[in-house]
Amino acid sequence: MAKPRKISEPEKELRFTRARQALTFVALGVALLCVAVAIEIKATPLIGNAAGEAPAVSSPWWAAIPLLPALWSFWTAAHCARHAFIILTPLGIELFPFWFPAKNMRVVYWSEVTAAAVDEGLRNMTVDLDGGSKIFVALAPISRDRRPLLKRAVEGRVPGVGDQ
């Protein structure tokens, strides 16, 4: 897995990762791993079967089917927990999508932002830009305990902006 780049001035930026989304992938990986273990047990002639009965599953290799997605889920969870979702920098807001974040990232400069707010339920962030366009960001991937920090940082950076 590629490591995140070294930051030249880390004290000047706030990073928010997809930690809550990573938890979902960990749960999925554990569930698939349990299914793989159950298939392996059912395929073993001495374990999980009554004496003298044939195994319920014809081959232990069937356990590889849920094992591969389980490994992918654990890798995705580690990726979500390590890499940024939103970064607030002195230049602006960097938004990273789930698919191909390095290629599809979006930088919104503070000079373009006319208003920015996080709603009362801490579920969505709205960024109003020059020219009347808006960016809506769902905050579900961010941990619930980190959302008030994001709200305070965004609304503190754009003066005179309150809740929407």
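Which residues are buried in helix 1? Select Ala-22, Phe-25, Gly-29, Ala-36 and Ala-43: those are the ones tucked away in that helix. Now bring up helix 2 (64-82), which is part of what covers them.

Next, the salt bridges. Keep in mind that this is a predicted model. A search of the whole structure turns up two of them.

For one, select Arg-15 and Glu-13, whose side chains meet at 3.6 Å, N to O. Color them by accessibility and you'll see two kinds of setting: Arg-15 is partly exposed, with a relative accessible area of 38%, while Glu-13 counts as buried because its 18% falls under the 20% cut-off.

For the other, jump to Lys-134 and Asp-128, where the closest N and O atoms are 3.9 Å apart. Asp-128 is buried as well, at 15% relative accessible area.

Last stop: color by pLDDT. The protein chain has a mean of 84, and 83% of its residues reach 70 or more. Then select residues 160-164, where pLDDT stays under 50. The model has 13 contacts beyond four places in sequence for this stretch.

Conventions: Residues are numbered from 1 along each chain as its sequence is written. This is a predicted model: local features need pLDDT of at least 70, side-chain atom pairs count only at pLDDT 80 or more; totals for chains, interfaces and linings use all residues. Side-chain values use heavy atoms; hydrogens and water are left out. Buried means under 20% relative accessible area, exposed over 50%, partly exposed in between (1.4 Å probe, protein chains only). Helices (H or I, at least four residues) and strands (E, at least two) are DSSP runs, numbered from the N terminus. Contact means heavy atoms within 4.5 Å. pLDDT is the predictor's confidence in each residue, from 0 to 100. A salt bridge is a side-chain nitrogen of Lys or Arg within 4 Å of a carboxyl oxygen of Asp or Glu.
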